[in-house]
Amino acid sequence: MNKRGRQVSYFLSSQYFSDGLRTTLSILLPSLLLAQFGQLQAGMAMSLGALNVSLSDAPGPVMHRRNGMAISALISFSVTFTTGFARMHPYMLGVEILLFSFFFSMFAIYGSRATSVGTAALLIMILMIDRPLDARGVVHESTLVLAGSVWYSTISLIASRLQPYRLAQQALGQCIHEIAKLMAIKGDFYDTSTQLDDNYRRLIAQQVDVSEKQDAVREVLFKSRRIVTESTRTGRLLLLTFVDVVDLYEQIIAMYYDYSDIRERFGKSGVLDEIARSIRRLSVELDHIGLAIQLPVPFHRPVDSTPALENLKRSIDAISDQDGSTLVLKKVLVSLRTISQRVSTLQKNLASTKLNPVDNEAMEYGRFVSHQEIDLKSFRNNLNLSSLTFRYSVRVAIAMLLGFIITKFLPYGHHSYWVLLTISVILKPAFSLTKQRNIQRISGTLAGGIIGVLILTYFPNKNVQFGFMVLFMLGTYSAQRINYIVMVICVTPFVLILFSFLGVSYLGVAEERFFDTLLGGVIALTAGYAFFPQWESDQLIKPMKAILHANIRYLQLLLDSLSGGKISLVEYKLTRKEVYVTSANLSAAFERMLSEPKHKQRNEKLIYEFVVLNHILSANIATITSAQLTTQQTCYPTTLQRPIKRALFTLTESLRRLGTTPEKPVQDSAGTPLVSLPVADNTTDPLLSDQLAFIQQVSSDIGKLVERVDN
């Protein structure tokens, strides 16, 4: 299957498409069924409840999803009830908008699921603002919204019950897909036509995506009691595959060499193009593995990469080897063979009917996932201007109130709540994200409006229009978590067709929707810039400290292994995870800073170098440390340990310069070698001494960058 075919298959079998399909059906059915009995308004109220609670149904363990949907349903009922009565008095409604916008935005302190619950609460409040209901109507509407919420929750939980492993399979498949893309980017480093700086930017951005997908898999796998405790083949396969995939990811990241030097020395030999092709072939095989996990039935026949690697070996041997000049190419070949073996292991596990049991207690899965406590103390502790969530919540409250007041002076239509809806979805904690959403919202609304008008103009048949509406609904709910601009492009024609069914002029709706979107976007962008703004350049020190701290721990493990200490596998994997997560966080923050106004950016070139150097450092640490885990416990001479001690000292000083002292002082593990262990000599690995010296040099370069940033 070619690349485009795999992309389509991944999407159609993904959780995004299945969630979109479930949400579309859950929203459509109440309206369609009740419309047959002349109760369309009641059906639309139930559909609104289903839509609202679907926002909180983010991927994760069934228990967390159930709790999130239950809380969202109760909050939806309460907000609908409160807003229904508050709207009878404009001043009371203004107060509610101000307080609720602040309160529900503060839910962000409790994590992504709580944030979704808060977003759903704001959505139901906004959509109730223009509903002309009397007291009885408010109670009736609130009950119907609650019924719709229960309707969606029931369908979602039944689907999870019928397919208990489906969500984990989809999350793991997407994770493998992103790792395969990263592997292909690594292959581009050996392509002499690729610009190294551009490829580093692509690699860093892709690491962010991989980190997000790995966290999603950990949430689903390690917090699901059914998967961790049961001994079914499917559960064991998912756990074993994820553990192997993370190890494979480490091997891919660790395969770092001085690409500029390699290109200069071997660029004309043609061997680098062979290496690039080998890596890409392996990435394709890995991509097929992810698809086989995500689809019900594996369909791809594995391709044996051994002949290609043998050809590569012959090409390397054919190059004149003077003073060990091809040793680095042989190292690359060894790494490729290791990756190939890991890919083959994954393929064999997929085909095997019996799998080795997983020692869940030894793996200590619970330590690899975060646990968010929801308590009042955390809320109170964030009620100050030093809290970024508090500042964001105040910003949202002011912008929403401002939008509400402005719409009261603009009696141009009956859908002014679109202004508030635009503000709520565009305004984000970081200005760069607000700016990006603003551009996507306006351009997507314009494009979607044109599509909707063309469909309603040239396809007057109501059945055809309904078919288009369902397709746009499916596109909206499938793309809402992965591609915002696609969602906006789909939701606009969906809304226009819906209003045309309700007897409203679609041309007037299209014009009004675009004006409301433009007005809401201007208010959101202004608020993001003027009211307690959060500039990434002011926040970058925190992720910089985090990555330095993680690499210090990583280096300490390397020093422990070189001095004969035994490394705990769990501690090693926890440290490795911390390096990956902090590296992704820093990369994401840096990319956000580049989207901010130029005069708000500081030290962007230095920060970019810092990001790249830390990636190079962690890759080289992983290269040596992962190898140490599989070799005999050995004590290396002091001359080999010295570069790591100096690197540790340099990074520790850099951390202190940024205002933080390491939690634990650097341990001099090599002070008392264990006499019972064999002592390695300098000839055990000719490249080891150079690699350790390179780690020291990279650490020194990081220290110099920190000095310049600090000044």
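Helix α8 is mostly covered, with 20 of its 23 residues buried. Here, buried means under 20% relative accessible area, exposed means over 50%, and partly exposed lies in between (1.4 Å probe, protein chains only). Helices (H or I, at least four residues) and strands (E, at least two) are DSSP runs, numbered from the N terminus. The model is predicted: local features need pLDDT of at least 70, side-chain atom pairs count only at pLDDT 80 or more, and totals for chains, interfaces and linings use all residues. Residues are numbered from 1 along each chain as its sequence is written, and side-chain values use heavy atoms, with hydrogens and water left out.

The chain comprises 29 helices and zero strands. Of its 711 residues, 53% are buried. Contact means heavy atoms within 4.5 Å. Among contacts in the chain with a separation of 6 or more, 83% join residues 24 or more positions apart.

Two helices were compared with their expected span, which is 1.5 Å times one less than the number of residues. Helix α8 covers residues 166-188 and should span 33 Å; its end C-alpha atoms are 34 Å apart, which agrees. Helix α13 covers residues 271-294, 24 residues in number, and should span 34 Å. The end C-alpha atoms of α13 are 35 Å apart, again in agreement. In α13, 18 of the 24 residues are buried, so this helix is largely enclosed by the rest of the structure.

Helix α2 (residues 15-35) contains L29. L29 is partly exposed, at 33% relative accessible area. L29 and M46 are 17 residues apart in sequence, and their C-alpha atoms are 9.5 Å apart in space.

Polar contacts were examined next. A polar contact is a pair of N or O atoms within 3.5 Å; within protein, one must be able to donate a hydrogen and the other to accept it, and residues adjacent in sequence count only if both atoms are side-chain atoms. N551 lies in helix α25 (residues 541-562). N551 is buried, with a relative accessible area of 0%. Its side chain makes a polar contact with the side chain of N614 at 2.9 Å. Beyond neighbours within four places in sequence, N551 is in contact with V579, N614, L617, S618, I621 and L651.

N384 sits in the loop between α17 (376-381) and α18 (388-408). N384 is partly exposed, at 26% relative accessibility. A polar atom of the N384 side chain lies 2.8 Å from the backbone oxygen of N381. The side chain of N384 also makes a polar contact with the side chain of S386, at 2.2 Å.

Aromatic rings of Phe, Tyr and Trp (its six-membered ring) pair if their centres lie within 6.5 Å; planes under 30 degrees apart count as stacked, over 60 as edge-to-face and the rest as tilted. The whole structure holds 21 aromatic pairs. F104 and F107 form an edge-to-face pair, 5.4 Å centre to centre with 70° between the planes. Both F104 and F107 are buried. Ring pairs link F100, F103, F104, F107 and F379 into a cluster.

A charge sits over a ring if NZ of Lys or CZ of Arg is within 6 Å of the ring centre and within 35 degrees of the ring normal. The charged end of R201 sits over the ring of Y608, 4.4 Å from its centre. R437 lies over the face of Y484, at 4.0 Å from the ring centre.
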